[in-house]
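Me: Please take a close look at one part of this model with me. I want the strands and helices around it explained in one go, in short sentences.

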Amino acid sequence: MDDDRVRHLWVATHILPHEGEVRAWLRRHVHSLSRQDTDDLIQDAYARLWSVDFTHITNARGYLFAIIRNLLLENARRARIVPMERLGEIEMLRIPSEEPGPDRRVSARQELERLERMVAGLPEQCRRAFQLQKFQCLSQREIALKMNITERTVEKYLAIALGRVLDALKQDGEGAMGRPESGTIGHVSKQSTD
Amino acid sequence: MYRSNRRIDSEAAEWAVRSQGRTLGAAEQAELDQWLEASPRNRGAFLRASAAWVDLDRLAAMAGSRALLDIEERQPPRRRYWAVAASVAVLMLGAIPAWWAARHHNVYTSEAGQVRHVDLSDGSNMVLNTETRATVQYDDAHREIELAKGEGFFQVAKDPVRPFIVRAGAISVRAIGTVFSVRASHHRVDVTVSQGLVELVDASNPDHVLRRRLGANEQATVEETHRFEVQTLDQSEVSRRLGWREGLLDFEGQPLIEAVSEMNRHNKKHIVVDDPQLAARPVVGQFLATDPAGFAATVAVALGAHTVEQDDGIHLQ
């Protein structure tokens, strides 16, 4: 296995499962963060993992929380307007020591249901490309031949499917776990800055 | 210039799909490198997207048969007609089988720690676990795979004309359109079916059927003498046993000694358990198959043992 793949697997196994918990924690404790800020912060956290030697990380969840807290501190220091107390506040933020109990964790069944819903919600062509790749293990080229479209188009379809998965991960921390995307209540995602 | 993280996410998704699905061309690779270089957030988003995309393989394996059924119902199995058409063409041309056979006699091997995906010409695919050797021989009447050693997972494209046969040790496993795995160890062969049915036949005498039907979530263990046992497994147990396809080993309370021998199958660097009492303790958790040091460190913490690095490997004491 090449190094990139090992890193991706490591992140998939040890970091992704905790993203929802981190988001929920941020929402509970750092009220000043907008949704947009949270998403930025999460991207920054993954950026830190880009080059880190993960083979020595034994507690990935704690490590992720530590990265997040450091990023909050760095951001707060950079933004001069933040009153001094905020720094202390962040420093005092406790990393939850216990993993959520089995009832709070996403079960394999819930994961599958969410996947199923995601797949069902995809546009027809997109769904077919996704199923052929992930369930029938066909390559992009084979899918292109089978569907009589270009490989680039296949990749666009697959990227849409992956985009839905990434969006669903963001919902994890909102107690709206596994809820179809259109059913998100209470806020409109901020895309206006784009 | 501020770019929204949604925009970054969608670019990252596309790069993740492209770079995982095939080898990028030089120009494309340069474009990706430049994009990654442009901002740490791009790198973060790319790592997150890549991990999520890899993770879908695990989910797809868990979803397994249900998702496969779904797609087969939706799409008429067109490849069946191609396969029939192909064999008819070969019959008509007659002279072609020499190169046909030559082209379709292929040996695939995987090294320690490697998991190798192979797309077969009929639309079937196989995944080879660590240290496996498989010879694929296709002709107009047969699809045969000889598993000399190791373990293979097979997703078989339906073809009523050509049965799909995996030979391992003393048995042949015959399938028509199904998903199963075969593991050949010293004196026994394990066959696990995740979807469909297979038939177990004596390798030296194709008329001697050992078991007519082995169905979904059933596992047969066949010894050299043809003595065999069948057990029914949970769906989750079946997916757990197939975790190696994603480079992960999943243990749910097996004795440490079993978990260690499973880890050692995947690595040149071996783990040694010195204390027999420790060896019997249960191990729970998911581990990277190619990370014996990580495995040893985690287990040591969990079981209150410690690790000592020696010439012959990592000792758990």
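Reply: In chain B, residues 24 or more positions apart account for 47% of the contacts with a separation of 6 or more. Two residues are in contact if their C-beta atoms, placed from the backbone, lie within 7 Å. This is a predicted model, in which local features need pLDDT of at least 70 and side-chain atom pairs count only at pLDDT 80 or more, while totals for chains, interfaces and linings use all residues. Residues are numbered from 1 along each chain as its sequence is written, and chains are lettered from A and ligands numbered from 1 in the order in which they are written.

Chain B first. Its secondary structure comes to nine helices and 18 strands. These are DSSP runs numbered from the N terminus: helices are H or I of at least four residues, strands are E of at least two. Of the 317 residues in chain B, 40% are buried. Buried means that 20 or more other C-beta atoms lie within 10 Å of the residue's own; 12 or fewer is exposed, in between is partly exposed, and C-beta atoms are placed from the backbone.

Is B:Glu218 buried or exposed? B:Glu218 has 20 other C-beta atoms within 10 Å, so this residue is buried. Setting aside neighbours within four places in sequence, its contacts are B:Val193, B:Val230 and B:Thr232. B:Asp234 lies 16 residues away along the chain, and its C-alpha atom is 8.8 Å from that of B:Glu218.

Now the strands next to that residue. β12(B) spans residues 218-223 and pairs with β9(B) in the antiparallel sense, over six bridges. Strands pair if DSSP finds at least two bridges between them. One bridge links B:Thr192 to B:Gln219 in β12(B). β9(B) covers residues 188-195 and also pairs with β8(B), residues 179-184. That pairing is antiparallel too, again over six bridges. There, B:Val182 has B:Val191 of β9(B) as its bridge partner. A hairpin of three residues connects β8(B) to β9(B).

Chain B also holds an open sheet of three strands. Its order is β15-β18-β17, with mixed pairing. β15 (271-273) and β17 (307-310) each have a single partner strand, so they stand at the edges and one side of each has no neighbour in the sheet. On average, neighbouring strands here are turned by 30° against each other, direction ignored. β15(B) and β18(B), residues 313-316, run parallel and are joined by three bridges. Helix α9(B), residues 292-303, lies across β15, β17 and β18 and runs at about 10° to β18(B). Axes are lines fitted to C-alpha atoms, for helices over the stretch in contact, and angles run from 0 to 180 degrees between N-to-C directions.

Next, the partner chain. Chain A has nine helices and zero strands. Its 194 residues are 33% buried. Of its contacts between residues at least 6 apart in sequence, 60% join residues at least 24 apart. Where the chains meet, 44 residues of chain A contact 54 residues of chain B. On the chain A side, the elements giving two or more residues are α1 (3-14), α3 (35-49), α6 (108-120), α7 (124-134), α8 (140-147) and α9 (151-171). By class, that side has 24 nonpolar, 12 polar and eight charged residues. Ala, Val, Leu, Ile, Met, Phe, Trp, Tyr, Cys and Pro count as nonpolar, Asp, Glu, Lys and Arg as charged, and the others, Gly among them, as polar.

The axes of α7(A) and α9(A) come within 8 Å and cross at roughly 90°. They are therefore roughly perpendicular. Angles of 65 to 115 degrees count that way, under 35 as roughly parallel, over 145 as roughly antiparallel, and the rest as oblique. Contact residues include A:Phe130 of α7(A) and A:Tyr157 of α9(A). This contact has eight nonpolar, two polar and no charged residues. The axes of α7(A) and α8(A) come within 10 Å, crossing at roughly 135°. That makes α7(A) oblique to α8(A).
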